[in-house]
Amino acid sequence: NTPHYRYRVGISYGEFYHNKSKNIYVGKALVEASELEKIQQWSGASLTNKAAEKIVSPESSVLVDYNVPLKNSEKRKYKVINWTQANHHPTLEKQNWMYREENGNKVNTYSDSDVEQKILNTEQFHFDKCSKCRNARKNMMS
């Protein structure tokens, strides 16, 4: 079973004001999070340095360092949420395992090269960081 939903997230920490009754949300942390979300060229969740400093996790595998692909074709190291730790069937292929659909039909690649590159970058993260799938690949080769 492959993921059908993909999210790109920026997480920051700091100055923030909200008033739910008036639907007002402003602050430096919100701007930083929004800017970080917009520059990423993948589906994943990256944290600003301020946010990463605030995270205390007993499991070191929840947050990992990763060279996140950015829209300007660069990569920059961020702490990211390692979503590969979620329960899933092992994936043995490096690419084309994520579900792709256009106009109601499953496709092997998206016609929009920008969207396809985001998917390839997301699959690369999974390939690089998923210990469950890495172990399954090793067992196949043994």
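Me: Are glutamate 116 and arginine 100 buried or exposed?

Reply: This is a predicted model, where local features need pLDDT of at least 70, side-chain atom pairs count only at pLDDT 80 or more, and totals for chains, interfaces and linings use all residues. Residues are numbered from 1 along each chain as its sequence is written, and side-chain values use heavy atoms, with hydrogens and water left out. Buried means under 20% relative accessible area, exposed over 50%, and partly exposed in between (1.4 Å probe, protein chains only). Glutamate 116 and arginine 100 are both buried.

Me: How far apart are the closest N and O atoms of glutamate 116 and arginine 100?

Reply: The two form a salt bridge, that is, a side-chain nitrogen of Lys or Arg within 4 Å of a carboxyl oxygen of Asp or Glu. Their closest N and O atoms are separated by 3.0 Å.

Me: How many residues apart are glutamate 116 and arginine 100?

Reply: Glutamate 116 forms a salt bridge with arginine 100. Glutamate 116 sits in helix α3 (residues 113–129), and arginine 100 in the loop between β6 (75–81) and β7 (101–102). Helices (H or I, at least four residues) and strands (E, at least two) are DSSP runs, numbered from the N terminus. The pair links distant parts of the chain, and its separation is 16 residues.

Me: Which residues are linked with Arg100 in a network of salt bridges?

Reply: Arginine 100 already has glutamate 116 as a salt-bridge partner. The network linked with Arg100 consists of Glu116 and Glu123.

Me: How many salt bridges does the rule count?

Reply: Another of them joins arginine 8 and glutamate 37, with closest N and O atoms 2.9 Å apart. Arginine 8 precedes β1 (9–11) and glutamate 37 is in helix α1 (residues 28–39), so this bridge ties together parts 29 residues apart in sequence. Both ends are partly exposed: arginine 8 at 25%, glutamate 37 at 21%. The count comes to six.

Me: Which helix do the buried residues of α4 pack against?

Reply: In α4 (residues 131–141) the buried residues are Cys133, Ala136 and Arg137. They cover an arc of only 100° around the axis, which puts them on the same side of α4; the arc is that of the directions from the helix axis to the C-beta atoms. The face turned away carries the exposed Lys138 and Asn139. The buried residues pack against α3.

Me: Which lysine is in contact with tryptophan 42?

Reply: Contact means heavy atoms within 4.5 Å. Neighbours within four places in sequence are left aside. Among the remaining contacts of tryptophan 42 are Arg8, Tyr66, Phe125 and Lys118.
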